[in-house]
Amino acid sequence: MNPAPPVNPADKGAAAGQGPQGAGAEPGAIPAPSAASPGIAWYDKLANKDIEEEGTFWMPKSVNAAADDSDLMFYAVLALSTFFFIAIAVATIYFVWKYRHRPGHKAEPSAAHNDAMEITWTVIPTIIVVFLFWYGWRSYVHVVTPPNKAVEINVLAWRWNWQFTHANGVTDSDLHVPSNTPVRLVMTSKDVLHAFYAPAMRVKQDVVPRRYTYAWFYATKPGTYRLTCAEYCGTSHAQMACLQEDPKTKACLRRAVVVVHAPGDYERYLADKEAESQNLPPAELGKKLYEKKGCNACHTVDGTPRVGPSFAHDFGTMVPMSDGSKVLMDESYIRESLMSPQAKSRPGYPPSMPSFEGQLKEKEIEGIIAYIKSLK
Ligand code: CUA
């Protein structure tokens, strides 16, 4: 039927770094600030695309098949509320006008009882409320019960980043998911309350330290969708998680997103992403981690202090500590700061950095050290 069959995935892979949806020019892509753009992987190009949500005045279009009922509920409650608001307001205004005080008119006694009216205004609201409850309960149960066969992705939140860990161990700050497959999120936080919120998926769920919460969705349309934190969690809450910053204005150019892949591309993402982390020179791996692990939320690379000290210029020098002593900033110092950030604290910075113990591979620790060294 289709005169131009879709390009098969193998061909797309061959077209160096070409995103499957971006066939040709990518109008939505944000220009990367550095000369590193030719090296951007195809899946990161997808993540860099503009948000592709369409929708009504009220909300973006749902791309989660599990949430269609909740949309119907929203519009039903909205329509009912609007109808009764207008009906009651009009009736009130009319009666105020009709029974206003006029010379020559005496106030009549109020009606005491009317069976027909009592029954009407009891039965109709009861039917509406029972319908709303039944429908709401049914869709609620559906929304909180993932099917047995779901792709499971671990979510770890901290100030201020998301880390999504896939079945093969690949981690990323963007959430990459397959389309037309149920996806279940198992979520926890390292520090404070956050909330995972993907409006197009109709998923908003608190992410709580020291316990797990869950969410699931069934994305129907490949694309790039918004992901935000919906629980106030501190300075950079609104930018959680900023993955690309304008070096001059410090404005956030791109935040973490949800990327829904076309069939077959999720598997390709897992394989390519895994290969990528094996093959980078240490300092480049470190630079990538600096953005992807959220270091950039607190540490600059141009020497200016932020929530934490800058990565630049200090390597190999004696840095002052809170207790008045001075410590040489070397490889061991950086490793210790990643694993036990509070062991050596520097004056003027809050001791709020979370530990990365168990979350960085040996190679990644070395990458971050190499990156900081390259900035001295
Ligand atoms: Cu994390 Cu707000």
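Figure 1. The model is predicted, so local features need pLDDT of at least 70 and side-chain atom pairs count only at pLDDT 80 or more, whereas totals for chains, interfaces and linings use all residues. Residues are numbered from 1 along each chain as its sequence is written, and side-chain values use heavy atoms, with hydrogens and water left out.

**Figure 2. Aromatic pairing, with the rings of F133 and W137.** Rings of Phe, Tyr and Trp (its six-membered ring) pair if their centres lie within 6.5 Å; planes under 30 degrees apart count as stacked, over 60 as edge-to-face and the rest as tilted. By this rule there are 20 aromatic pairs. The ring centres of F133 and W137 are 6.3 Å apart and the planes meet at 15°, so this pair is stacked. Both residues belong to helix α4 (residues 115–144), where a spacing of four residues separates them by about one helical turn. Helices (H or I, at least four residues) and strands (E, at least two) are DSSP runs, numbered from the N terminus. F133 and W137 are each exposed; exposed means over 50% relative accessible area, buried under 20% and partly exposed in between (1.4 Å probe, protein chains only). Elsewhere, one aromatic cluster is formed by W42, Y43, Y266 and Y269.

**Figure 3. The largest nonpolar core and the surroundings of F217.** A nonpolar core is a set of buried Ala, Val, Leu, Ile, Met, Phe, Trp, Tyr and Cys residues joined through side-chain atoms within 4.5 Å. The largest has 45 residues, and those with the most contacts inside it are W162, L175, L185, F196, M201, F217 and V258. At least three residues of this core come from each of domain 1 (49–98 + 118–279) and domain 2 (281–374), with bounds taken from an automatic or database domain assignment. Beyond its neighbours within four places in sequence, F217 is in contact (heavy atoms within 4.5 Å) with N64, L175, V177, T181, P182, V183, L185, M201 and V203. Another core, of 26 residues, lies apart from the largest one and includes L156, L289, F311 and I365.

**Figure 4. The disulfide of C242 and C252.** A disulfide is a pair of cysteine sulfur atoms within 2.5 Å, and the count comes to one. The sulfur atoms of C242 and C252 are 2.2 Å apart, and the link is right-handed, with 110° about the S-S bond. C242 lies in strand β11 (residues 242–245) and C252 in strand β12 (residues 252–255), so the pair ties together parts that are ten residues apart in sequence. C242 is buried, at 13% relative accessible area, whereas C252 is partly exposed, at 28%.

**Figure 5. Helix α6 and the cysteines C295 and C298.** Within helix α6 (residues 282–292), L285, G286, L289, Y290 and K292 are buried. C295 is buried, with a relative accessible area of 12%, and C298 is buried at 13%.
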